[in-house]
Amino acid sequence: MGRLQVHARSLVGAVEATPASPEHEPFGAPAQPDLAPILDRSLAFSVRSEDAMPNRIPLDPKLPKAFDATPNEARSKAQLDQWWDRPYGLTRPDGRIEVRCLNGGAWDRSTHLGIADDYDAACALAEAKQAEWLRFREQPCTCLDEGRVTVVRQPQRPDEEMLELTSFSTAEAATEYLRANFPEPSSSR
């Protein structure tokens with residue numbers, strides 16, 4: 001179930017923009033905001049999955065020594081278990097956040113997923129880019145091996161093996177198998 005994210009600044013702006021009626025204001029008292037417009041708008045709120053708060057990512061974590069100068073195959077199981085497919089953010093000198101993830105997008109370092117203006121945007125960017133990468137990485141592909149066309153899924157981690165799904169005598173049969181069993185994700189996002 002998705003969680004609803006409401007930014008406090010959106011309510012503050014609405015309260016500050018609502019004029020108080022002078023006839024209800026005691027002499028010398030600050031104007032009190034009329035909350036009816038805010039309450040009316042809140043009734044129209046609906047929770048959609050795209051409104052849900054993205055997963056929180058670590059910000060400026062302590063990374064292992066030579067983290068971005070180590071071939072993925074040379075990493076320990078403990079390091080892979082801790083960091084593989086887990087995005088994190090690094091605060092840049094200008095205050096923006098660079099989002100990175102050790103996910104196989106690069107053979108010897110974490111993958112640059114993008115730069116966000118603030119922490120919430122960095123979390124959303126991490127979730128979207130990592131999901132996009134996983135969809136790509138999990139898609140099976142074909143390999144030609146001794147006159148057979150083999151459908152394989154590449155290793156999902158450096159400490160895993162390639163997975164052979166099936167084999168065909170022709171490329172057309174392998175292509176048909178992929179179309180039937182692994183349709184390409186729709187691009188209507």
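**Charged residues and a helix**

Modeller: D108 has a relative accessible area of 10%, which means that this residue is buried. The model is a predicted one, and the values I give are computed from it.

Colleague: What is the relative accessible area of R109, the residue that meets D108 in a salt bridge?

Modeller: The side chains of R109 and D108 meet with an N to O distance of 3.3 Å, and a salt bridge is counted within 4 Å. Whereas D108 is buried, R109 is partly exposed, with a relative accessible area of 37%.

Colleague: Which side chain of opposite charge is nearest to R75, and how far away is it?

Modeller: R75 is found in the loop between α2 (36–43) and α3 (77–83), and R75 is buried. A salt bridge requires a nitrogen and a carboxyl oxygen within 4 Å, and R75 has no such partner. The nearest side chain of opposite charge is that of D68, at 5.2 Å.

Colleague: Which backbone oxygens does the side chain of R75 reach?

Modeller: Leaving aside neighbours within four places in sequence, the contacts of R75 include L80, L102, D108 and R109, and also F67 and T70. A polar atom of the R75 side chain lies 3.0 Å from the backbone oxygen of T70, and the side chain also reaches the backbone oxygen of F67, at 2.7 Å.

Colleague: With which residue does E98 form a salt bridge, and with which side chain does E98 make a polar contact?

Modeller: E98 has its place in strand β2 and is buried, with a relative accessible area of 15%. Not counting residues up to four places away in sequence, E98 touches several residues, among them Y88, R92, H112 and I115. The closest N and O atoms of E98 and its salt-bridge partner are 2.8 Å apart, and that partner is buried as well. The salt bridge is with R100, and the polar contact, at 2.9 Å, is with the side chain of H112.

Colleague: Which residues do salt bridges with shared partners join into one network?

Modeller: D159 forms a salt bridge with R157, with the closest N and O atoms 2.8 Å apart. D159 is partly exposed at a relative accessible area of 40%, while R157 is buried at 17%. Salt bridges that share partners join these two with others, and the members of the network are K77, D81, R157 and D159.

Colleague: How many salt bridges does the count come to?

Modeller: Side chains of opposite charge can pair when their charged atoms come close. The pairs already discussed include E98 with R100 and D159 with R157. Under the 4 Å rule, the count comes to nine.

Colleague: How far apart are the end C-alpha atoms of α4?

Modeller: Helix α4 covers residues 119–138, which makes 20 residues. At 1.5 Å a residue the helix should span 28 Å, and the model agrees with this, because the end C-alpha atoms are 28 Å apart.

Colleague: How wide is the arc covered by the buried residues of α4, and on the same side or on opposite sides do they lie?

Modeller: The buried residues of α4 are A122, C123, L125, A126, Q130 and R137. They lie on the same side of α4, because the arc they cover around the axis is only 160°.

Colleague: Which residue caps the N-terminal end of α4?

Modeller: What covers the buried residues of this helix includes β2 (97–101) and β3 (111–116). At the N-terminal end, a side-chain oxygen lies 3.3 Å from the backbone nitrogen of D120, and the capping residue that supplies this oxygen is D118.

Terms used. Residues are numbered from 1 along each chain as its sequence is written. This is a predicted model: local features need pLDDT of at least 70, side-chain atom pairs count only at pLDDT 80 or more; totals for chains, interfaces and linings use all residues. Side-chain values use heavy atoms; hydrogens and water are left out. Helices (H or I, at least four residues) and strands (E, at least two) are DSSP runs, numbered from the N terminus. Buried means under 20% relative accessible area, exposed over 50%, partly exposed in between (1.4 Å probe, protein chains only). Lys and Arg count as positive and Asp and Glu as negative; His and the chain ends are not counted. A polar contact is a pair of N or O atoms within 3.5 Å; within protein, one must be able to donate a hydrogen and the other to accept it, and residues adjacent in sequence count only if both atoms are side-chain atoms. Contact means heavy atoms within 4.5 Å. The expected span of a helix is 1.5 Å times one less than its number of residues. The arc is that of the directions from the helix axis to the C-beta atoms.
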